[in-house]
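Here is a short report on one protein model. Look at the sequence and the structure first, then read on.

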Amino acid sequence: MTGQFAANASMLGYLYQIRYALLLLFEAGQEDPGLQLSLEALDDIAFEKDGLPIELIQTKHHTKVADLTDASSDLWKTLRVWSLDAKANPGSSVRLTFVTTGVAAAGSAVEILRPTGQRNIPAVRQQLTVIANAAGNTELRTSYAAFLALTVPEQDALLQRVMVIDRTQRIHDLPQRIKRFLTYSVAPQYVDDLFERLEGWWAQRAVDLLKLPATARPVIEAAALRNKVINLSHAYSAANLPDHFPAIVEMEESELPSNERVFVAQLRLVLNSETRLRHAIGQYYRAYNQRSKWLEAGLIDDEELDQYAAYLHEEWTLQFLKIQEEMGELEIPDAAVLKRLGLKLFNWANENNWTPIRRDYSNGAYPRGSLHMLANAQRIGWHPKFKEELAQIMARAAGAAS
């Protein structure tokens with residue numbers, strides 16, 4: 001496997017490791033909330049308790065069904081790591097688990113190492129020793145050497161700790177297993193959405209951990225995962241909504257479709273700051289996509305969204321009338337004065353303590369972004385004469401296009 005195909009397989013392997021770790025922490029945490037999990041520190045995945053390792057786990061993912069034989073490179077690369085550790089830490093009782101989507105070949109040593117059935121360790125050792133002495137795969141010489149460097153008692157002690165979990169589900173099948181742990185947290189129709197948000201948090205947590213040196217990576221406690229699920233599930237109550245886009249986003253106008261740039265033209269009538277403009281575009285993007293996500297997940301309906309838009313429009317109308325009054329008190333308001341009045345209105349909208357769409361939903365970016373959606377539909381504006389100004393802008397654009 002070379003080129004892009006190899007890169008894709010490698011990437012899937014890493015994603016599988018992260019997703020499988022989430023599943024394992026759910027499963028292990030059911031019995032012991034005090035368990036701690038690490039990634040790429042002691043091994044691909046490791047479980048610890050009170051600061052001491054209790055299980056090291058290697059994961060191997062294949063996109064197609066693959067046979068796992070005694071000569072498998074996946075197996076021997078893993079045995080190399082564990083053999084070196086066994087030599088360095090004689091007497092260790094840490095469990096060693098090899099998880100693979102492959103299928104152990106009938107009559108093989110790896111089949112004997114499954115958690116069920118008769119675990120004839122001397123037979124396993126003899127079969128693997130034959131493979132190692134034959135050294136049929138030159139790329140695995142260091143793996144063979146590491147295993148053969150152990151004495152027979154050390155080999156038996158090592159293999160006694162090894163457990164092979166084969167036939168595991170591939171990466172696209174794992175979500176259903178994880179979702180079973182979420183069914184008691186939210187109504188059935190929201191499980192998919194909760195899973196999506198949880199996995200997003202988990203993936204970011206994994207990235208943050210993997211950026212640190214292996215010796216400095218903190219562990220993740222099963223109790224912390226349980227608390228995260230509880231916190232996320234609170235958003236699915238009648239008084240709240242989940243927030244799928246929590247980060248502040250700056251965006252350029254060029255990133256928007258042409259039919260979503262009317263509100264940007266409105267902003268340019270009153271703003272001089274490009275930074276504030278990019279923040280406003282980001283707020284629009286977040287609100288627009290958040291609204292779509294809620295509708296897609298069945299978390300809200302059009303009527304509730306329309307009612308909230310009507311509330312925003314009414315509040316804007318009251319303030320816009322005040323701006324109109326100020327403008328009417330001037331004899332001949334010049335362009336600079338009109339722009340200043342428009343900026344005043346825009347600042348009010350950004351600084352106003354808006355009533356949230358639902359009582360417990362606290363993201364202030366949503367009402368501000370929703371105002372930009374109304375501005376894009378030309379239902380509201382910031383400049384005191386925004387309708388006239390927009391008409392001129394559109395006329396000039398039409399003339400330039402003709």
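## A tour from helix 11

Lys293 is buried, since its relative accessible area is 13%. Buried means under 20% relative accessible area, exposed means over 50%, and partly exposed lies in between (1.4 Å probe, protein chains only). This is a predicted model: local features need pLDDT of at least 70, side-chain atom pairs count only at pLDDT 80 or more, and totals for chains, interfaces and linings use all residues. Residues are numbered from 1 along each chain as its sequence is written, and side-chain values use heavy atoms, with hydrogens and water left out.

Lys293 sits in helix 11, which covers residues 274-296. Helices (H or I, at least four residues) and strands (E, at least two) are DSSP runs, numbered from the N terminus. Which residues does Lys293 touch, not counting those up to four places away in sequence? They are Asp193, Glu196, His244 and Phe245. Contact here means heavy atoms within 4.5 Å.

Leu299 lies in the loop between helix 11 and helix 12. Leu299 counts as buried, at 7% relative accessibility. Its contacts, leaving out residues up to four places away in sequence, are Tyr190, Asp193, Tyr236, Leu241, Pro242, His244, Trp294 and Arg358. Leu299 and Ala238 are 61 residues apart in sequence. In space, they are 9.3 Å apart, C-alpha to C-alpha.

## How the helices pack

Two helix pairs are set out below. Axes are lines fitted to C-alpha atoms, for helices over the stretch in contact, and angles run from 0 to 180 degrees between N-to-C directions.

| Helix pair | Angle | Axis distance |
|---|---|---|
| helix 11 and helix 12 | about 150° | 10 Å |
| helix 12 and helix 14 | about 85° | 10 Å |

Take helix 11 and helix 12, which pack at an angle of about 150°. That makes helix 11 roughly antiparallel to helix 12. Angles under 35 degrees count as roughly parallel, over 145 as roughly antiparallel, 65 to 115 as roughly perpendicular and the rest as oblique. Arg291, Trp294 and Leu295 of helix 11 meet Asp302, Leu305 and Asp306 of helix 12. The residues of this contact divide into 3 nonpolar, no polar and 3 charged. For these classes, Ala, Val, Leu, Ile, Met, Phe, Trp, Tyr, Cys and Pro count as nonpolar, Asp, Glu, Lys and Arg as charged, and the others, Gly among them, as polar.

Now turn to helix 12 (residues 302-328) and helix 14, which pack at an angle of about 85°. That makes helix 12 roughly perpendicular to helix 14. From helix 12 come Leu305, Tyr308, Ala309, Leu312 and His313, which meet Tyr366, Pro367, Ser370, Leu371 and Leu374 of helix 14. This contact has 8 nonpolar residues, 2 polar and no charged.

How many cavities of 30 Å³ or more does the structure hold? There is 1. On a 1 Å grid over the protein atoms alone, a cavity is a set of points where a 1.4 Å probe fits but cannot get out, and a pocket is an open set with protein on both sides within 12 Å along at least five of seven lines; lining residues have an atom within 4 Å of a point. Grid points are joined across faces, edges and corners, and a volume is the space filled by probe spheres set on the points.

The largest cavity holds about 50 Å³ of space. Asp243, Phe245, Arg286, Ala287, Gln290, Tyr361, Asn363, Ala365 and Tyr366 line the largest cavity. Helix 11 and helix 14 each give at least two residues to this lining. Helix 11 has the largest share, with 3 residues. By class, the lining has 5 nonpolar, 2 polar and 2 charged residues.

The largest pocket has a volume of about 510 Å³. It is lined by 18 residues, and Ala9, Ser10, Gly13, Lys60 and His61 are the closest to its centre. Helix 1 (3-31), strand 3 (52-60) and helix 2 (73-88) each give two or more residues to the lining. The largest share, 5 residues, comes from helix 1. The pocket lining divides into 3 nonpolar, 9 polar and 6 charged residues.
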